[in-house]
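I opened the notebook to record what I looked up, one topic at a time.

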Amino acid sequence: MINADHPELSSWVEVQPQSDFPIQNLPFGIFSVAGKLPRPGVAIGEFILDLSAVHDLGIDLGSFKKEELLAPVLNPMMAHGKKAMAMLRERIAYLLDAKNDELKGLSEKVLVKQSHAKMHLPVHIGDYTDFYSSIDHATNVGMMFRDPANALLPNWKHLPVGYHGRSSSILVSGEPIYRPKGQTRPDPEQNPVYGPCRLLDFELEMGFITFDGKPLGQSISTAEAEEHIFGMLIFNDWSARDIQKWEYIPLGPFLAKNFASSISPWIVTLEALKPFKVKGEKQEPAVLPYLRFEGNHNIDIDLEVEILPEQGEGKVVSHSNYKYMYWNMVQQLAHHTVNGCNIRPGDLLASGTISGPDTGSYGSMLEISWQGTKPVQMPDGSERKFIQDHDTVIMRAKAEKNGVRIGFGEVRSKVLPAL
Ligand code: CA
């Protein structure tokens, strides 16, 4: 299996030492270049390997058909399942290996510079679910909005709390978002008002993309879960805190969340992430049998969030890590399907805001500015309690081991004024 446990591997494609995309990574995405339709590609260094172009040269890529390698989303390829996609990734690693010059002389035909390409949503996302699985985030929010002494609700340590989100408004990195409008009640003594959201926030999350699941009525166990998970990406779950505060009781988030969510364009496979698995926090009280699991399923992925004003210098406002999750991916997928709910190729399950234990590792402005009571000082002298119009929010994620960086690239989104 190609990953960071094999630091000795290198590619004939030049890869800078600080690149997110060495041969040990090989994430999948959808790209286009001028005059051509979006199609699947694999990132290597500053380039993208055009899979359909490799196929056109008569080079064997397994059971994948030409039309699947030219599809505008990865779903048709993902329908082949985990084993076929993992074998394809190994095959690509073989073709890009420095010891193999089969493709090297043809590089102009099969490689596209990332700087010349536009990235698109990598999958058609059928259904999107958002969890609430970071104990530090759930505790912080509980302390702010409820009782500091009983910040976690009684169910929180017994099940990974989640809700169904909306996939139509999921955007890829680079696409701007518009400040949402809606109903809020700024003064609890007065009637609600309508207008642009005043408390626009990001949520630092990671998401995973599924393969096909099981027929409706059946469940996926924690032991089976990874067979149904393709890989991960960075997820910014934009949130309108003032809309949320007024609307969320009793059914949870609605218009405060569904106006936009942004994802990074590359899906980093579970195979690439395997060397970064770590043990999670001990779950106490013990979970029900269907949520028990074997092995380590937390993953050590460094995360950061930067706010970049339109004029001036950016500021990194959070350093967090995906390893802080209380509930892991296999538990989330087992819980999601325990009632017989089915999943399909291209579903997106997001972690929930990832906060760490200290103030520098909080994953939302709500927590970083503690409801606006601790504004962040920006290099240009301005302050941020929440996100302003024309700010760009950039999230980055990477895992590093043996001198090998498995990066996710970034999700970068500019906030435009309400329409
Ligand atoms: Ca969220």
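Is cysteine 197 buried or exposed? I found cysteine 197 buried, as its relative accessible area is 2% and the cut-off for buried is under 20%. The model is a predicted one. Next I checked cysteine 341. Its relative accessibility is 22%, so cysteine 341 counts as partly exposed. I then searched for disulfides and found zero in the structure.

**Calcium site.** Which residues are the protein donors of the calcium ion? I listed Asp130 (OD), Glu203 (OE), Glu205 (OE) and Asp237 (OD). They lie 2.2 to 2.3 Å from the ion. I wrote their spacing in sequence as D-x72-E-x1-E-x31-D. Aspartate 130 sits in strand β6 (residues 128-131), while glutamate 203 is in the loop between β12 (200-201) and β13 (204-210). The pair therefore ties together parts 73 residues apart in sequence. I looked up burial for these two: aspartate 130 and glutamate 203 are both buried.

**Sheet.** I traced an open sheet of five strands, with the order β4-β3-β2-β1-β5 and antiparallel pairing. Why is one side of β4 and of β5 left without a neighbour in the sheet? Because β4 (111-113) and β5 (118-120) stand at the edges, each with a single partner strand. I noted an average twist of 50° from one strand to the next. For β4, I looked up the pairing with strand β3 (residues 47-50): it is antiparallel, over three bridges. Isoleucine 48 has valine 112, in β4, as its bridge partner. Then I looked at helix α4 (residues 82-96). Helix α4 lies across β1 (28-32), β2 (39-44) and β3, and runs at about 65° to β1.

**Aromatic pairs.** How many aromatic pairs does a search of the whole structure find? I got seven. One of them joins tyrosine 128 and phenylalanine 235, with ring centres 5.1 Å apart. Their planes are at 50°, so I logged the pair as tilted. The pair links distant parts of the chain: tyrosine 128 is in strand β6 and phenylalanine 235 in strand β14 (residues 229-236), 107 residues apart. Both residues, tyrosine 128 and phenylalanine 235, are buried.

I also took tyrosine 362 and tryptophan 370. Their ring centres are 6.3 Å apart and their planes at 40°, so this pair is tilted. Tyrosine 362 is buried, with a relative accessible area of 9%. Tryptophan 370 is partly exposed, with a relative accessible area of 22%. Last, I recorded one aromatic cluster formed by Phe28, Phe211 and Phe230.

Definitions and conventions. Residues are numbered from 1 along each chain as its sequence is written. This is a predicted model: local features need pLDDT of at least 70, side-chain atom pairs count only at pLDDT 80 or more; totals for chains, interfaces and linings use all residues. Side-chain values use heavy atoms; hydrogens and water are left out. A disulfide is a pair of cysteine sulfur atoms within 2.5 Å. Buried means under 20% relative accessible area, exposed over 50%, partly exposed in between (1.4 Å probe, protein chains only). Donors are N, O and S atoms within 2.8 Å of the metal (3.2 Å for Na, K and Ca); water is not among the atoms, so sites may look incomplete. Helices (H or I, at least four residues) and strands (E, at least two) are DSSP runs, numbered from the N terminus. Two strands pair if DSSP finds at least two bridges between them. Axes are lines fitted to C-alpha atoms, for helices over the stretch in contact, and angles run from 0 to 180 degrees between N-to-C directions. Contact means heavy atoms within 4.5 Å. Rings of Phe, Tyr and Trp (its six-membered ring) pair if their centres lie within 6.5 Å; planes under 30 degrees apart count as stacked, over 60 as edge-to-face and the rest as tilted.
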